[in-house]
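Hello,

Here is the structure I promised to pass on. Please open it first, then read my notes below.

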Amino acid sequence: MNISSEKHVKSNRIKNKKTDIKKFFKVLFFVLPAMIPMSLFWIYPILKSGWVSLTDWDYMSTDYNFVGLENYSDIFDDARFWDAFAHTGVFAIGTIIPTIVLGLMFALLLQNQLKGKAIYRFLLFSPWITPTVAISIVWSWIFQPKGGMANEILTLLNLPTLEWINSSDTALLSVIIVTVWKSIGYACIFYLTALDKIPSERYEAASLDGAGFFKKLIYISIPGISPTTFFLTIITMVDALKAYDQIQILTQGGPSGSTRTLTYLYYQLGFEEFKMGRASAVAIIIVLVTVTLSFIQFKLSKKWVNY
């Protein structure tokens with residue numbers, strides 16, 4: 001009896017193993033098409049950059065001399081890195097908060113039954129699908145100190161004019177304005193979808209209890225769209241960390257390095273100074289910062305994305 005039961009247990013184990021193997025290959029069959037491009041265009045470049053960051057490659061020659069962590073030591077001793085780090089933080093915060101707030105505001109406005117709502121959606125979303133280079137060129141004209149639309153509007157409002165992209169005091173603000181203007185429509189579309197998914201019964205019950213617009217917003221709408229807010233925060237943060245096009249067109253990292261972010265510092269080190277080892281070290285630092293911030297946000301999301 002014991003022998004037969006042992007054989008039965010062994011046969012079940014063998015069947016389970018075969019079933020697990022079949023499941024593994026089924027999952028692999030569906031995952032592999034996505035893993036191949038991901039490995040070629042994401043995982044491999046990151047690993048390659050990690051290796052290059054440990055060498056003194058100058059981007060021109062074929063020789064790689066291993067220097068260990070020397071590039072990282074040089075980067076951390078470079079004042080430009082810390083300035084770029086600070087500019088990146090200011091740029092990210094200055095982009096994320098207005099994009100989230102204004103995107104939600106426009107979504108709440110468009111949620112009402114407005115005539116031509118589809119046209120307003122298109123107008124809000126069109127900057128997002130327009131190439132950043134084209135948008136930046138137009139905004140460079142708007143920000144011209146003499147004859148630019150921005151200063152013309154300030155003059156009409158009897159406000160002092162600004163130098164915008166020509167001054168280190170306002171150049172980063174100018175880039176933030178362009179980035180936020182481009183991103184608002186993207187956030188608005190996601191918020192419109194999220195707001196439509198909130199059951200109308202909740203608003204009706206709140207109305208019966210005498211709740212006004214702001215109470216409904218605070219206790220129903222904002223908790224109900226918290227997953228969307230979390231998603232947009234992650235996406236906007238990543239976009240802010242890798243922003244390059246608008247900086248290149250508007251300011252080229254100036255004046256006096258006031259708009260030099262980590263991504264732009266990577267470009268300057270690699271493709272202007274031909275210090276690809278240091279540039280790759282900056283790229284790895286950007287990846288680590290992005291992963292760290294995303295990890296923190298995912299941890300915090302467990303407390304507030306639970307509606």
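The largest nonpolar core in this predicted model has 44 residues. Those with the most contacts inside that core are F91, W139, F143, Y191, L195 and I225. The largest share, 13 residues, comes from α7.

Leaving out residues up to four places away in sequence, F143 touches A150, E163, W164, I165, S174, I177 and V178.

T170 sits in the loop between α6 and α7. Is T170 buried or exposed? Its relative accessible area is 12%, and buried means under 20%, so T170 counts as buried. With residues up to four places away again not counted, T170 touches E163 and W164.

Now the largest pocket. Its volume is about 460 Å³. The lining has 16 residues, and W42, A283, I286, V287 and T290 lie nearest the centre. At least two lining residues each come from α1 (2-52), α10, α12 (262-272) and α13 (276-304). Which helix gives the most to this lining? That is α13, with six residues. By class, the lining has twelve nonpolar, three polar and one charged residues.

Best wishes

Methods: Residues are numbered from 1 along each chain as its sequence is written. This is a predicted model: local features need pLDDT of at least 70, side-chain atom pairs count only at pLDDT 80 or more; totals for chains, interfaces and linings use all residues. Side-chain values use heavy atoms; hydrogens and water are left out. A nonpolar core is a set of buried Ala, Val, Leu, Ile, Met, Phe, Trp, Tyr and Cys residues joined through side-chain atoms within 4.5 Å. Buried means under 20% relative accessible area, exposed over 50%, partly exposed in between (1.4 Å probe, protein chains only). Helices (H or I, at least four residues) and strands (E, at least two) are DSSP runs, numbered from the N terminus. Contact means heavy atoms within 4.5 Å. On a 1 Å grid over the protein atoms alone, a cavity is a set of points where a 1.4 Å probe fits but cannot get out, and a pocket is an open set with protein on both sides within 12 Å along at least five of seven lines; lining residues have an atom within 4 Å of a point. Grid points are joined across faces, edges and corners, and a volume is the space filled by probe spheres set on the points. Ala, Val, Leu, Ile, Met, Phe, Trp, Tyr, Cys and Pro count as nonpolar, Asp, Glu, Lys and Arg as charged, and the others, Gly among them, as polar.
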